[in-house]
Amino acid sequence: MIGLNDEYYMELAIQMAERTQGQTGVNPVVGAVVVKDGAVIGMGAHLQRGTPHAEVHALNMAGSAAAGSTVYVTLEPCSHHGLTPPCAERLVHGQVARVVVACEDPNPQVAGRGIKLLEEAGITVEVGVLKERAIKLNRFFNKFITTGMPYVTVKTACTLDGKIASRSGDSKWISNEAARALVHTMRHRHQAIMVGAGTVAADDPQLTTRLEVPGIQPIRIIADSKLSMPSESRVLNDGLAHTIVLTTEEADQARVKVLQDREIEVLICGAGPRVDLNLALKQLGARGISSILVEGGGRLNGSLLELGLVDEMILFLAPKLIGGFQAPGAFTFAGWDRMEDGIRLKDLEVEMIGGDNICVRGIPERKEENRVYGTG
């Protein structure tokens, strides 16, 4: 239990921000708490891109009592005019006495300017309370705003011997019900979900969020270099979410036209024969997609991993051994000759899900260690 101190109130701000994951688009999730004379007098979170930020909601709740207060905010208040006015100026106008910031904003338009504006107005500013928690909270935003590329999470469910299906192709169900419910929450929190054409052909998935309460539907992305998906596939016909197909210049133009007539967006990603995944991610980032949950087969998972395009991995391990020389594995790629060259996961988190499934989260280590966006 945290004592009554700066961490206590920042924890409250972080909890509010956590609840809005998935609904702010390319914007960060932010929480703010206004405290005066030992009492919380205002609270707020950023709810949707283009709407008032967390600080504004919290100050509006506090009203004139905000004068002389301390404001706890999970991310440096913005200092520029975007879709909304600068929050730093709003704090100055509210005559707050002190602002406690969890972490600086990596957005080049802010990057310390918000803190400077507050200090120049005579407001005491302290930075770094629960910093690592706050950075991790906005790992999607942090990568996107600094690189223009989406944050890529690869999720897979496999047996203890690494199989994602039996030799006959049967994959229902490897994970338990609790694990599958958690995956739907992950879909809600990512802007897009991505699979390969093989997954669509084998499973005919909807790629939607299905929870006890309504969730946000992610954009559906299918990598299909030859446009070989069955035309009756649900993702091509149900209209439940915006759908993007990644293909190559070798794709049959008549099939491209059929997809476009169904209001499916087609992106040409390289000359072929396979989709250029690096180019694909750049094009998706240019369309404002800041996070992608990959639920593909072994080939797509392996290709992304081999190219160094995976930012986070989530593996659900079921207590089963199924074997099979032809049974597909979770990651299919050429691999390396030496064990020491293998990709190591760091910052591991391990928990039991539903009593018998193990969830392992980790960050693939890269040689270019500067490519870490709040994940460890």
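**Contacts, cores and sheet of the model**

Setting aside residues up to four places away in sequence, Glu 55 touches Ala 32, Val 73, Leu 75, Pro 77, Cys 87 and Leu 91, where contact means heavy atoms within 4.5 Å. The structure is a predicted model, in which local features need pLDDT of at least 70 and side-chain atom pairs count only at pLDDT 80 or more, while totals for chains, interfaces and linings use all residues. Residues are numbered from 1 along each chain as its sequence is written, and side-chain values use heavy atoms, with hydrogens and water left out.

Glu 55 lies in helix α2, residues 54-62; helices (H or I, at least four residues) and strands (E, at least two) are DSSP runs, numbered from the N terminus. An unreviewed UniProt entry carries the annotation "active site" at Glu 55. UniProt positions are given in the numbering used here, with shortened feature names, and annotations may be inferred rather than shown by experiment. Glu 55 is buried, with a relative accessible area of 3%. Buried means under 20% relative accessible area, exposed over 50%, and partly exposed in between (1.4 Å probe, protein chains only).

The unreviewed UniProt entry also places the feature "domain: CMP/dCMP-type deaminase" at residues 4-126. Strand β1 is largely enclosed by the rest of the structure, because five of its six residues are buried. β1 pairs with strand β2 (residues 39-45) in the antiparallel sense over six bridges; two strands pair if DSSP finds at least two bridges between them. Within this pair, Val 34 has Gly 42 in β2 as its bridge partner. The two strands form a hairpin with two residues between them, and Asp 37 in the turn has a positive phi of about 55°. β1 is also paired with β3, again antiparallel, over four bridges, and the bridge partner of Val 35 in β3 is Thr 70.

The largest nonpolar core has 38 residues, of which Met 10 and Val 99 touch the most other members. A nonpolar core is a set of buried Ala, Val, Leu, Ile, Met, Phe, Trp, Tyr and Cys residues joined through side-chain atoms within 4.5 Å. Two or more residues of this core come from each of α1 (6-18), β1 (31-36), α2, β3 (70-73), α3 (87-93), β4 (98-101), α4 (113-120) and α5 (131-137). The largest share, six residues, is given by α1. Leaving aside neighbours within four places in sequence, Met 10 is in contact with Tyr 72, Val 73, Thr 74, Val 100, Val 101, Ala 102, Val 129 and Leu 130. Another core, of 31 residues, lies apart from the largest one and has Val 154, Ala 223, Leu 281 and Leu 315 among its members.

An open sheet of nine strands has the order β10-β9-β8-β7-β11-β6-β12-β14-β13, with mixed pairing. The edge strands, each pairing on one side only, are β10 (265-268) and β13 (345-353). From one strand to the next, the twist averages 20°. Axes are lines fitted to C-alpha atoms, for helices over the stretch in contact, and angles run from 0 to 180 degrees between N-to-C directions. Helix α6 packs on the sheet, touching β6 (151-159), β11 (291-294) and β12 (312-318), and the direction of α6 makes about 135° with that of β6.

Strand β12 is mostly covered, with seven of its seven residues buried. Glu 312, Ile 314, Phe 316 and Ala 318 point one way from β12, whereas Met 313, Leu 315 and Leu 317 point the other way. β12 pairs with β6 in the parallel sense over seven bridges, with Met 313 in β12 as the bridge partner of Val 154. β12 and β14 run antiparallel and are joined by five bridges, and Phe 316 stands opposite Cys 359 in β14. β14 (residues 357-364) in turn pairs with β13 in the antiparallel sense over seven bridges, where Leu 345 has Pro 364 as its bridge partner.

Arg 139 lies in helix α6, residues 139-147. Arg 139 is buried, with a relative accessible area of 13%. A polar atom of the Arg 139 side chain lies 2.9 Å from the backbone oxygen of Lys 136. A polar contact is a pair of N or O atoms within 3.5 Å; within protein, one must be able to donate a hydrogen and the other to accept it, and residues adjacent in sequence count only if both atoms are side-chain atoms. Arg 139 and Ser 290 are 151 residues apart along the chain, and their C-alpha atoms are separated by 10.0 Å.
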